[in-house]
Amino acid sequence: MRDLTLVVKLMMIEKKDILYSIIFGFVAGIAAVGLFAASGYLISKAALAPPLYALIILTSTVKLLGFTKAISRYAERYFSHRATFTILSNLRVSFFEKLEPLAPGIFQKYRSGDLLSRIVGDVESLQNFFLRVFYPPIVLVIVFLCTILFTSFVSIYIAIVLLIGLLLTAFVVPALFAVRQAKIDSHVREGRGNLTTEVTEFLHGFRDLKIYQKLHEKEENLLQSSDAYIKEQERENINTLYSQSMNTFVALFISWLVLALGAYLVVDGQLDGIFLAMLIMISLTVFEDASPMAVFPIHIQDSKQAATRLFSVVDWESKNKVKQDYKEQLQQSNPHSIEMTNVSFSFPEETRPTLEEIYLKLPACSKTAIVGPSGSGKSTLLQLLLKISPANQGDIYLDDVAINQINQEEIWKNAKVVLQENHFFFGTIRSNLRLAKDGLTDTEMEATLATVMLDHFSLEDKVNEKGENLSGGEKQRLAIARAMLKEGHLWLLDEPTSSVDAITEQSIYENLFEQAKNDTLVLISHRLTNLENMDQIIVMEHGAIIESGTFNELMQQKGYLYKMKQIEKELL
Ligand SMILES: Nc1ncnc2c1ncn2[C@@H]1O[C@H](COP(=O)(O)OP(=O)(O)OP(=O)(O)O)[C@@H](O)[C@H]1O
């Protein structure tokens with residue numbers, strides 16, 4: 001319920017439209033009741049051959065009420081839908097605002113299909129909260145109470161029957177179905193989430209599934225998720241239909257009761273016969289608005305589930321997130337120094353430490369290589385520097401400022417990052433390079449493509465989703481080009497040329513080091529080439545720094561790097 005309160009708070013920003021929806025909903029409802037009441041009265045009156053002016057007044061009233069009903073119903077729909085779309089948009093924006101600072105850490109917790117289903121599906125479901133749960137009951141109760149008040153002037157008994165009808169259709173029947181709904185405990189939302197997750201996995205892994213002949217197995221899983229989803233939908237639809245039928249049955253029963261009681265009262269002389277048709281028409285009309293109440297519990301349950309699923313994504317992180325007032329800014333025009341003191345880190349739900357008691361000092365403008373066996377924690381070190389994950393222990397400084405005083409955006413803005421996996425968007429080489437900086441010219445982009453030996457590409461060349469039509473090495477070179485075009489004086493490169501041939505790599509590095517000569521550069525590399533030119537080499541193993549120094553110092557020490565170099569020589 002706490003999550004729905006958050007939705008209500010967001011909804012209340014649109015107070016004006018909500019008020020208009022209620023006002024026009026009420027006018028439309030009461031005009032409909034008035035229209036049918038006047039029609040009933042007109043039919044009875046006409047039978048008694050009244051004077052012409054009386055008929056003219058009655059028919060004009062009927063026409064006017066019909067007109068009012070149509071206009072106000074339109075206005076109600078207009079304002080309620082406008083409110084719904086604005087509420088949905090506010091909800092999306094506020095959700096993204098909360099979600100954005102949590103990325104990319106959030107991807108460790110949620111699978112992409114599940115996130116997609118929550119962001120799109122669950123937000124969408126909440127449109128029912130306003131349209132079906134929030135304001136219609138308010139309109140219904142006001143229209144009903146006014147109708148009952150009017151009826152009580154004609155017959156207090158009929159008014160009581162209508163009141164009983166209101167209690168049954170608006171409260172008792174929905175309450176009974178709420179109990180039933182709770183028992184059924186619909187899992188449509190989870191079903192949809194599972195199906196989206198399976199479909200995303202299937203599409204992402206299609207090629208590997210085909211290679212390993214496991215396509216059929218995955219297809220089975222997908223069909224199972226689809227069947228489960230359809231079953232849940234069926235259960236929900238049956239329950240909806242059942243409760244709607246029950247409410248319509250009660251409403252019609254009440255109308256029959258009004259007819260029977262009215263007839264009795266006429267015969268008994270307690271009611272003027274001219275009002276009988278009017279009362280029946282009132283009863284038939286006023287219950288029209290009550291039938292949607294039958295699905296009220298389903299919608300409220302559905303909205304509750306959607307809100308909980310949605311907010312659990314951001315709640316989960318806010319518990320782990322230290323709220324900070326980021327006061328410090330990085331000097332944009334200068335290279336940055338980096339320092340780590342006693343830094344340790346473990347991934348959530350991992351018992352073993354990924355990084356242990358790391359001390360390092362990289363002066364501004366220095367060039368540092370980080371080497372070490374696979375899994376030794378090199379990339380994790382960069383993650384901590386980029387504030388993708390917070391260190392569990394110790395301090396990290398950029399320009400002598402602790403990074404927990406600096407906004408993550410500020411660090412990313414000043415860093416030229418090439419990760420092991422880089423994303424490319426569907427579009428062209430130009431659109432992918434333009435991500436680097438606003439206002440880039442074609443000449444600048446073409447020159448950079450030449451620097452990374454991609455001058456055989458034109459800026460118009462198409463790039464498929466995730467860069468599927470580029471080779472591994474081309475993707476890496478395009479990522480380097482993007483980093484080169486970006487602003488900043490801190491290069492963080494995680495094996496940027498692991499798929500590039502040695503000759504091309506050499507040429508790219510020459511250009512890259514020329515560009516970065518006045519910047520701070522950290523390069524993670526498996527290959528032990530070019531280390532001679534580095535100011536410092538850090539060797540990592542099992543999450544700890546085991547050696548550090550210049551190339552010559554480490555060669556003299558005859559430790560890990562020396563051994564690796566010897567093995568490399570033997571292999572060549
Ligand atoms: N998201 C994660 N959750 C849990 N453990 C992780 C996660 N990412 C990495 N690890 C683990 O942390 C350790 C260090 O990984 P890291 O990627 O930093 O190593 P690396 O030295 O960069 O390796 P490589 O050279 O193969 O890229 C590994 O044992 C890895 O399994």
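## A tour from the ligand to the cores

Start at the ligand and select Lys 378: an N or O atom in the Lys 378 side chain sits 2.8 Å from an oxygen atom of the ligand. That is a polar contact, a pair of N or O atoms within 3.5 Å; within protein, one must be able to donate a hydrogen and the other to accept it, and residues adjacent in sequence count only if both atoms are side-chain atoms.

A word on what you see. This is a predicted model, where local features need pLDDT of at least 70 and side-chain atom pairs count only at pLDDT 80 or more, while totals for chains, interfaces and linings use all residues. Residues are numbered from 1 along each chain as its sequence is written, and side-chain values use heavy atoms, with hydrogens and water left out.

Select Gly 375: one of its polar backbone atoms is 2.8 Å from a ligand oxygen. At Gly 377, a backbone N or O atom lies 3.0 Å from an oxygen atom of the ligand. The protein buries 70% of the 640 Å² that the ligand exposes when taken alone (Shrake-Rupley areas, 1.4 Å probe).

Now show the whole shell. The ligand is surrounded by 16 residues (a heavy atom within 4 Å). Ser 374, Lys 378, Ser 379, Thr 380 and Gln 420 are the closest. The shell holds two nonpolar, 10 polar and four charged residues; Gly counts as polar here.

**Move to Ser 389.** Look in the loop between helix H13 (378-385) and strand E4 (393-398). Helices (H or I, at least four residues) and strands (E, at least two) are DSSP runs. Ser 389 counts as buried because its relative accessibility is 10%, and buried means under 20% relative accessible area (1.4 Å probe, protein chains only). Its side chain makes a 3.3 Å polar contact with that of Gln 383.

**Next, the largest nonpolar core.** It has 56 residues. Such a core is a set of buried Ala, Val, Leu, Ile, Met, Phe, Trp, Tyr and Cys residues joined through side-chain atoms within 4.5 Å. Phe 144 and Phe 287 have the most contacts inside this core. Helix H7 (residues 156-184) gives the most, with eight residues.

Select Leu 166 in helix H7. Leu 166 is buried, at 3% relative accessible area. Beyond four places in sequence, Leu 166 touches Phe 144, Leu 145, Ile 148, Phe 171 and Phe 287 (heavy atoms within 4.5 Å). Ala 251 is 85 residues from Leu 166 in sequence, with 8.8 Å between their C-alpha atoms.

Definitions and conventions: Buried means under 20% relative accessible area, exposed over 50%, partly exposed in between (1.4 Å probe, protein chains only).
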